Amino acid sequence: MKKIGCALLSVLLLSSCGKPADKDDKIKIGVSVYDSYDTFIGEMMIDFNASVAGNENITVEVYNAAKSQQTQNKQMQEMIENGCDVICINLVDRTSPKKIIDLAKKYNVPVVFFNRELVEEDLFQWEELYYVGADAAESGVIQGEIAANLFESGEADKNGDGIIQYIVLEGEAGHQDAIVRTERSVDTLIEKGYSVDKIASAIANWSRSQAQTRMAGFIDSYGNEIELVLGNNDDMALGAIDAYKAAGIEKDAWPVILGVDGTGAGLQAILNEEMSGTVFNDQKGQATAMADLAIALATGGSLNELNLKNGRYIRVPYSRITLENVKDYLD
Ligand code: GAL
């Protein structure tokens, strides 16, 4: 079991393991992320660390589950043994939270799940389970609206047939954000009166390099037929851009490429007019909400001001980013 040793943790006060927290004034928060190499999660953790960094009474232990639910289950046990007062879990397998929930109940430690949403039935298995994330459907609708606007003038319809020929680069199989974003963005285009034709789709697991490989194959097979690339996240949209660059195709001949997240690299690609838009997945808003909730749970503070939906959910809104407003999101 390995704690993340990368730069994003440098601001953390890593506690010495095995020492129970002093309940009088000190609190210890345990966090396990599904994969510390995920760009969005990495940026979210930087914001999380920053939001607790000034408080000397808080220590944070962060673990990388490295895409293994079994590893994450062991980390849960370890965080409990280390005296964590509250534990934040970015589930590896959102359909397998049983072990985590059983341990939470057994040792009476509240859990804040984040980003990878378990089903409601699981969340309500015990009263000290919470979820912080966003509404996946909202991101799909916003991405569809951005696409609809960009196709309004007719210029992006390369072959002028009145139909949008598109490719989808999907996140993980079974991930709520992948399934719902894909569905809602295409539905939104259709609801806005566009005819669409799906050329192909590929699962690229949120990964820039996997998306580049898949997109290179699509460029070979479909070339100039592709008018729109819907990336379920920015990293995969950036992978598509990498593929166009590697194929030596001039920017003017690229399709409309859209992402979701608003990561640093994603925003830069919009500024460079390589990516036409993205949907801001407010990492700072989610990180701050998670920190506020975790601290309130660890200290027995009031949850009233956190406006939990159904007493358990915090959902931070998405917003639209294009060239017109990208500067507002760049610090
Ligand atoms: C999504 C995000 C992706 C990836 C994924 C991991 O919300 O858009 O980039 O980080 O979560 O669960």
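Analyst: A term to begin with: a polar contact is a pair of N or O atoms within 3.5 Å. Note too that this is a predicted model.

User: OK, how far is the polar side-chain atom of Asp261 from an oxygen atom of the ligand?
Analyst: The distance is 2.6 Å for Asp261, which is within the 3.5 Å limit. For His175, a polar side-chain atom is 2.8 Å from a ligand oxygen. Asp38 also has a side-chain N or O atom 2.8 Å from an oxygen of the ligand.

User: How much of the ligand's accessible area does the protein cover?
Analyst: On its own the ligand has 310 Å² of accessible area, and the protein covers 99% of that.

User: Which residues surround it?
Analyst: The ligand is surrounded by Tyr34, Asp38, Phe40, Asn115, Arg116, His175, Asp177, Arg181, Trp206, Asn233, Asp261 and Asn281.

User: And how does that shell divide into nonpolar, polar and charged?
Analyst: Three are nonpolar, four are polar and five are charged.

User: Why does the ligand lie between domain 1 and domain 2?
Analyst: Because both domains give residues to the shell around the ligand. Domain 1 is 6-134 + 282-300, and domain 2 is 136-281 + 323-330.

User: New topic: cavities. How many of 30 Å³ or more?
Analyst: The count is two.

User: Where does the ligand sit, then?
Analyst: In the largest cavity.

Notes
Residues are numbered from 1 along each chain as its sequence is written. This is a predicted model: local features need pLDDT of at least 70, side-chain atom pairs count only at pLDDT 80 or more; totals for chains, interfaces and linings use all residues. Side-chain values use heavy atoms; hydrogens and water are left out. A residue is near a molecule or strand if one of its heavy atoms lies within 4 Å of it. A polar contact is a pair of N or O atoms within 3.5 Å; within protein, one must be able to donate a hydrogen and the other to accept it, and residues adjacent in sequence count only if both atoms are side-chain atoms. Accessible areas come from the Shrake-Rupley method with a 1.4 Å probe; for residues, only the protein chains shown count as cover. On a 1 Å grid over the protein atoms alone, a cavity is a set of points where a 1.4 Å probe fits but cannot get out, and a pocket is an open set with protein on both sides within 12 Å along at least five of seven lines; lining residues have an atom within 4 Å of a point. A molecule sits in a cavity or pocket if more than half of its atoms lie within 2 Å of its grid points. Ala, Val, Leu, Ile, Met, Phe, Trp, Tyr, Cys and Pro count as nonpolar, Asp, Glu, Lys and Arg as charged, and the others, Gly among them, as polar. Domain bounds come from an automatic or database domain assignment. Grid points are joined across faces, edges and corners, and a volume is the space filled by probe spheres set on the points.
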